[in-house]
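Subject: Structure handover

Hello,

Please find the structure you asked for below. My notes on it follow, grouped by topic.

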Amino acid sequence: MNIVHDPQRYQLSFTSGALHLRGAPVAAGLYRENRDWRETNRVLRANNLLQARTDATSARWARELIQRLEMLSDPEIDLLTDATAEESMQLVWAATCRKYSLIGEFAEEVLRERFLLLQPTLTHQHFDSFMSSKQLWHEELEDLTESTYRKLRSNLFAMLREAELITEEGVIIPVVLANRVRPHFARRVPSDIRFFPTREAA
């Protein structure tokens, strides 16, 4: 596999530790009505549609969710509004990988690669090795505090579990892309199929 290293700084703000799968179709539905992400953010917060306990958490969750959903095309957003649980997980995971190149690269270079090589598990050690390999290209990783590093790792694995890509024990779960989702991923260059543990050609 030819890996192209992106010299741009990684965005490391995936601090919520969740994909917000229940909130994603709600936000997508609001956006489909107004085609305005700022208004969507306002309505999500005003009505606490993400069911946060505090205003600050509501604001953070809404901002984080919208930043990811902005990565989806309008047809993908339309699909998300009436998606099955499987379709929603795949769309939101792809959006997260598009938003955060660190997550996307880990999904492609570690998660998918281990699956294709018949190595069935994914552990924190694999993340640690991946991060070490990226420090040569991304100096910002060297500046992470230990607590921030652990939080990033914990959040990423939480999202992997929520997307049903790994089990609680770290066993990789093979993915069959949903029929309505696959064409959207396949037409992108490079294909978003690369973000999933599947034998479908990326």
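**An exposed helix residue, and the basis of the notes**

A46 is exposed, with a relative accessible area of 58%. Here exposed means over 50% relative accessible area, buried means under 20%, and partly exposed is in between, with a 1.4 Å probe and protein chains only. A46 belongs to helix α2, which covers residues 37–46. Between A46 and P120 there are 74 residues in sequence and 44 Å in space, C-alpha to C-alpha.

This is a predicted model, in which local features need pLDDT of at least 70 and side-chain atom pairs count only at pLDDT 80 or more, while totals for chains, interfaces and linings use all residues. Residues are numbered from 1 along each chain as its sequence is written, and side-chain values use heavy atoms, with hydrogens and water left out.

**The chain as a whole**

The chain has 9 helices and 0 strands. In order from the N terminus, its elements read α-α-α-α-α-α-α-α-α. The radius of gyration is 17 Å, close to the 17 Å that the globule rule gives for 202 residues, so the chain is as compact as a globular protein of that length. Helices (H or I, at least four residues) and strands (E, at least two) are DSSP runs, numbered from the N terminus. The radius of gyration is taken over C-alpha atoms, and the globule rule is 2.2 Å times the number of residues to the power 0.38.

Along the principal axes, the C-alpha atoms fill a box of roughly 45 × 40 × 35 Å. Of the 202 residues in the chain, 49% are buried. Contact means heavy atoms within 4.5 Å. Among contacts between residues at least 6 apart in sequence, 68% join residues at least 24 apart.

The accessible surface of the chain is about 10500 Å², and 48% of that belongs to carbon and sulfur atoms. Accessible areas come from the Shrake-Rupley method with a 1.4 Å probe; for residues, only the protein chains shown count as cover. The chain carries 26 positive and 29 negative charges, whose mean positions are 3 Å apart. Lys and Arg count as positive and Asp and Glu as negative, whereas His and the chain ends are not counted. The place of a charge is taken as NZ of Lys, CZ of Arg, CG of Asp or CD of Glu.

**Aromatic residues**

The structure holds 7 aromatic pairs. The ring centres of F106 and F127 are 5.8 Å apart and the planes are at 65°, so this pair is edge-to-face. F106 lies in helix α6 (residues 101–116) and F127 in helix α7 (residues 124–134), so the pair ties together parts that are 21 residues apart in sequence. Rings of Phe, Tyr and Trp (its six-membered ring) pair if their centres lie within 6.5 Å; planes under 30 degrees apart count as stacked, over 60 as edge-to-face and the rest as tilted.

F106 is buried at a relative accessible area of 1%, and F127 is buried at 0%. F106 also forms an edge-to-face pair with F130, at 5.2 Å centre to centre and 75° between the planes. F130 lies in helix α7 and F106 in helix α6, so this pair ties together parts that are 24 residues apart in sequence. F130 is buried, as is F106.

One aromatic cluster is made up of F106, F127, F130, Y149 and F157. F157 sits in helix α8 (residues 146–162) and is buried at 3% relative accessibility. Leaving aside neighbours within four places in sequence, F157 is in contact with F106, L122, T123, H124, F127 and I166. F157 and R180 are 23 residues apart along the chain, and their C-alpha atoms are separated by 26 Å.

**Backbone points to check by eye**

Most residues other than glycine have a negative phi, and most peptide bonds are trans. Q51 is not a glycine but has a positive phi of about 60°. Q51 is in the loop between α2 and α3 (55–69) and is exposed, with a relative accessible area of 62%.

L118, also not a glycine, has a positive phi of about 60°. L118 lies in the loop between α6 and α7 and is exposed, at a relative accessible area of 66%.

The peptide bond from V189 to P190 is cis, with omega near -5°. P190 is in the segment after α9 (182–186).

Regards
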